Amino acid sequence: MQPSPIHPVLPGDIEARSFAIITAEMGQTDFSPLELPVVKRAIHTSADFDYAQNLRFTPGAVEQGLAAIRAGAVILTDTQMGRSGVNKQVLERFGGRAECYMADPDVAEAARTGGTTRAVASMDKAARTLTDAPLIVAVGNAPTALIRLSEQMEQDVHFRPALIVGVPVGFVNVVESKELIWHTCTKLGVPCIAAMGRKGGSNVAAAICNALLYLASGRTPMPKAKEMP
């Protein structure tokens, strides 16, 4: 079998061309004008069009995420990979910062003495300490983080993140944790973006955060007609 022909593309045109292909292959959708760039960014980072079906938004989730970013939000991730993937340069322009507590010694000790996961201990630390700015929690790996977030919101009427991005990947309690956080957020009116089912990952969590950051800064990757496949 002969390989497909390779078409030269200038480095600066690669992203625009990629989003043009995504736009063409997605076709018509029911996503709002603000939700659609988030879905496309998740597809762009994963090359997986299933996100056009499994990504859910509570009403106004994107708008509330943008408001949080513009107010100097802290983005808390459940992996260092997720934190690394967040565009901190753009985040810092709004006075925000990205945090991940998974490697902190106090988190490791709390998890050991409490007989739980570091993800749970990280969420507990966040609830105690991240009170100076709107909080966006982006979970791409640990279902236990979503479970603990749900418990915290049920137990403490004052703990209400500005946005929860729930996209852990895997097989054990992944589907269930997403259904739980979706139920809790819907009931309590907490903004949520979740990838239902097994798919997700730290790269997808970071991609969703970056989509919000780019929207907040006025950057939307909409293809021009000449860029369409």
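Tutor: Start with Ala-138, which lies in strand 4, residues 135–139. Keep in mind that this is a predicted model.

Student: Why is Ala-138 called buried?

Tutor: Buried means under 20% relative accessible area. Ala-138 has 1% relative accessibility, so the residue counts as buried.

Student: What does Ala-138 touch, leaving out residues up to four places away in sequence?

Tutor: Its contacts are Leu-76, Thr-77, Asp-78, Val-165, Ala-205 and Cys-209. As for Cys-192, that residue is 54 residues from Ala-138 along the chain, with 10.0 Å between the C-alpha atoms.

Student: How do you know that the span of helix 10 agrees with its number of residues?

Tutor: Helix 10 has 15 residues, 174–188. At 1.5 Å a residue, the helix should span 21 Å. The end C-alpha atoms are 21 Å apart, so the two values agree.

Student: Which residues of helix 10 are buried?

Tutor: Val-174, Ser-177, Lys-178, Ile-181, Trp-182, Thr-184 and Cys-185.

Student: What puts them on the same side of helix 10?

Tutor: The arc. They cover only 170° around the axis, so they sit on the same side of the helix. They pack against strand 1 (55–57), helix 9 (143–155), strand 5 (163–166) and strand 6 (192–195). Just after helix 10, Gly-189 has a positive phi of about 75°.

Student: How confident is the prediction, on average?

Tutor: The average pLDDT is 94, and 96% of the residues score at least 70. Over residues 222–229, pLDDT stays under 50. Where pLDDT is low, the predicted coordinates should not be read in detail.

Terms used
Residues numbered from 1 in each chain as written. Predicted model: local features only at pLDDT ≥ 70, side-chain atom pairs only at ≥ 80, totals over all residues. Heavy atoms only, no water. Helix = DSSP H or I, 4+ residues; strand = E, 2+ residues; numbered from the N terminus. Expected span 1.5 Å × (residues − 1). Buried < 20%, exposed > 50% of the residue type's maximum accessible area, 1.4 Å probe, protein only. Arc of directions from axis to C-beta. Contact = heavy atoms within 4.5 Å. pLDDT = per-residue confidence, 0-100.
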